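Please look over the model below before reading my points.

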Amino acid sequence: MSNATVPGVKVHSNVAPKAQAELFTEGALKFLAALHRTFETTRQSLLTAREDAQRRYDSGIALDFPRETKAVREEPSWQCAPPAPGLEDRRVEITGPTDRKMVINALNSGAKTFMADFEDSSSPTFANMVNGQVNLRDAIRREIDFETGGKKYQLSENPAVLIVRPRGWHLDEPRITIDNLPVSGSIFDFAIFFYHNAKELVKRGRGPYFYLPKMEHYLEARLWNDIFVFSQSYIGLPQGTIRGTVLIETLPAAFQMEEILFELRNHSSGLNCGRWDYIFSFIKKRRADRSAVLPDRKDVTMTVPFMDAYVRLLIKTCHKRKVAAMGGMSAQIPIKDDPKANEVAMAKVRADKLREVTAGHDGTWIAHPLINTIAREIFDQHMLGPNQYYNLRSEVQVAAADLLSTKVPGQITLEGIKENVATCLAYTAAWVGGNGCIPFNYLMEDAATAEITRIQLWQWVKYGLRVDDTGDVITAEYIDDHIEKIVPTIKDIVKGVDEGNVKIAKEYLKSQIRRTWPSEFLTSDLMGHLAVKDGVAARFQKSVL
C-alpha cells in the first residue's frame with residue numbers, strides 16, 4: 001500500500017509506480033476526493049434504484065416512456081448545445097483501449113475522432129488504467145512518440161479528436177479508497193483525465209469530451225451533468241466546455257432518450273447506438289419474461305424489429321434536439337490471410353455502414369484502422385455535409401411495443417451454443433489476464449459481446465429450450481459438457497492465456513448458468529480477481545470468487 005498525501009485518500013496498489021507518481025498529485029487527489037464526497041451518495045442511490053426497477057420488471061410491469069417527463073418530450077423549443085470544436089463532423093469514429101501503440105495508431109487512422117476506452121475494450125487492471133491515463137496525457141501534448149522492435153510510432157500532424165469513455169456507474173475502483181470506501185470507477189477515470197488535461201485541451205482548440213456508458217435512467221445523466229458543472233467550476237473553465245455523448249445501450253435508456261439529452265443539454269454532444277450492450281440489456285432486463293428469448297447471436301441483427309425501432313427513435317430524437325445520432329460498431333475485422341473471406345467480411349461492413357448513413361446517422365464506429373477507408377467512402381458518398389441534423393425523420397413513430405418486440409427470426413443451433421461457450425470462456429480468461437478485447441472468428445470481441453454470450457446461455461438453460469437442429473434440451477449439464485470440450489481449445493484462441501485464468505472462466509460460466517437470475521455484469525463479478533493481483537485487501541472489494 002502506498003499512502004497518498006490527502007487526508008482520507010488511500011492508494012492500495014503500487015503496480016505502476018512511475019505513472020502513479022505522475023498522476024496522483026496532491027491537487028489531483030483533492031479533486032478526486034471532492035467529487036467522491038459530493039456525489040458518491042447519489043451514485044449509490046441510483047444503483048439501488050436500478051435494483052428496484054428490475055424487481056418491477058420481474059413482477060410483470062412493462063417498460064414504458066415515463067409519465068412524469070411527458071412535458072419534456074413534448075416541448076419543442078429546447079435544444080442541446082451546438083457542436084464543440086472538433087465535433088462538428090464525426091462521420092467515422094475509431095474505438096479501442098488506451099495502450100500506447102493503440103492510441104497512436106487510432107489517432108493516426110484517418111478517422112475523425114478516437115474514443116479512448118477505459119471500459120468495455122479494456123481490462124481494468126490498475127496498470128492498464130493509470131498507464132492509459134499517461135498515454136492520453138502524452139498524446140494531447142504530442143509527447144507520445146516511441147520506438148519498439150525497431151519500429152517508430154509517431155503522432156501525425158492532424159490526429160483524430162480525442163473522446164474518452166470512463167467506466168460505467170456500476171463499477172468500483174477498489175485500488176483507491178476515500179474515507180474507507182472504494183471510489184467510483186466512473187469518477188476516477190473522469191477525474192484523473194479532466195484534472196490533468198482539460199485546460200490543455202482547450203488551449204489546443206479542443207475540449208474535454210466524453211462518451212458516457214451503461215446509463216439506465218435520466219437521473220443518472222443528471223448526475224453526470226452535476227459532475228460536469230462542479231468540475232468546470234472547480235478548475236475555472238467556462239460552463240459548457242465539457243461535452244458528453246451518451247451510449248444508449250440499455251433497454252430502460254431507450255425509453256428516456258429525450259430526458260437524457262435534456263439533463264445534459266448544455267453539455268450534450270448526442271447519443272450513440274451501443275448495439276451489443278443493448279442486446280445484452282434487452283435479455284437481462286426481461287429475464288423473467290419467457291417470450292423475450294432470442295435465437296443465436298448472429299441472428300439478432302440491426303434489422304430485426306426491436307433493434308430497428310431503437311435506431312429510428314434515436315436518430316429522430318437526436319435530430320429533433322440538434323445533436324449527433326451516432327451509429328454503432330461492426331464487429332468484423334480484416335482477414336489478412338484469406339482474400340475471399342475478407343471480402344465477405346468487408347461486404348458486411350459496407351452494408352452495415354450504408355444502412356446507418358441512409359437511416360440518418362451522423363457517423364459510425366470502427367474497431368480497426370483498415371476499415372476506416374470503407375466507412376469513410378460510404379459516408380462521404382451519402383453525407384455531403386458535416387452531419388445530417390436536418391434529417392428530422394418526422395415520419396418515424398415508435399411505440400413501447402416496438403422497442404419490446406420479440407419477433408426475431410432465427411434458431412438456437414448447436415453451432416450457436418458452441419460459439420457462445422467459446423467466446424465467453426475465451427474473453428473471460430483474457431479479461432482476468434488483463435486483456436479487454438480479443439479477435440475470435442474474425443470478429444472483435446469485447447465485454448459487451450461476451451455478455452451476450454453469457455446471458456443467452458443462462459436464458460436458454462433457464463427456460464429449458466431445445467437446440468433446433470439436434471432436438472437436445474439445453475440444461476446446465478448440457479452446457480457443462482460443451483464447456484469441458486471447449487476449454488482445451490482456449491489456448492488457441494487467446495495466445496499465451498494462463499491456465500489458471502481459463503479455470504476461473506470455466507467455473508464462472510458454470511456458476512452463471514445455474515443462477516436463478518444472472519449477474520448484472522461479469523466485469524463486476526470478476527473485478528475482485530484483478531484487485532487481488534494488484535494487492536488490494538478483500539474488505540475493499542465487492543466480489544471475489
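1. Basis. This is a predicted model, where local features need pLDDT of at least 70, side-chain atom pairs count only at pLDDT 80 or more, and totals for chains, interfaces and linings use all residues. Residues are numbered from 1 along each chain as its sequence is written, and side-chain values use heavy atoms, with hydrogens and water left out.

2. Main core. The largest nonpolar core holds 124 residues. A nonpolar core here is a set of buried Ala, Val, Leu, Ile, Met, Phe, Trp, Tyr and Cys residues joined through side-chain atoms within 4.5 Å. Buried means under 20% relative accessible area, exposed over 50%, partly exposed in between (1.4 Å probe, protein chains only). F24, F114, F190 and I248 have the most contacts inside this core. Helix α2 (residues 26-58) supplies the largest share, 10 residues. Helices are DSSP runs (H or I, at least four residues), numbered from the N terminus.

3. F190 and the second core. Contact means heavy atoms within 4.5 Å. Setting aside neighbours within four places in sequence, F190 contacts F31, L35, P166, F210, W224, I227, F228, S231 and I242. A second, separate core has 44 residues, including A422, Y463, M527 and L530.

4. Helix pair. The axes of α10 (residues 275-285) and α11 (residues 305-320) come within 12 Å and cross at roughly 125°. Axes are lines fitted to C-alpha atoms, for helices over the stretch in contact, and angles run from 0 to 180 degrees between N-to-C directions. The two helices are therefore oblique to each other. Under 35 degrees counts as roughly parallel, over 145 as roughly antiparallel, 65 to 115 as roughly perpendicular, and the rest as oblique.

5. What do α10 and α11 bring to their contact? R275, Y278, I279 and F282 in α10 meet F306, M307 and Y310 in α11. The contact residues divide into six nonpolar, no polar and one charged. Ala, Val, Leu, Ile, Met, Phe, Trp, Tyr, Cys and Pro count as nonpolar, Asp, Glu, Lys and Arg as charged, and the others, Gly among them, as polar.

6. L46. This residue lies in helix α2. L46 is buried, at 13% relative accessible area. Beyond neighbours within four places in sequence, L46 contacts L219, E220 and L223.

7. E200. Is E200 buried or exposed? At 14% relative accessibility, E200 counts as buried. E200 sits in helix α6 (residues 185-203). Not counting residues up to four places away in sequence, E200 touches I140 and R141.
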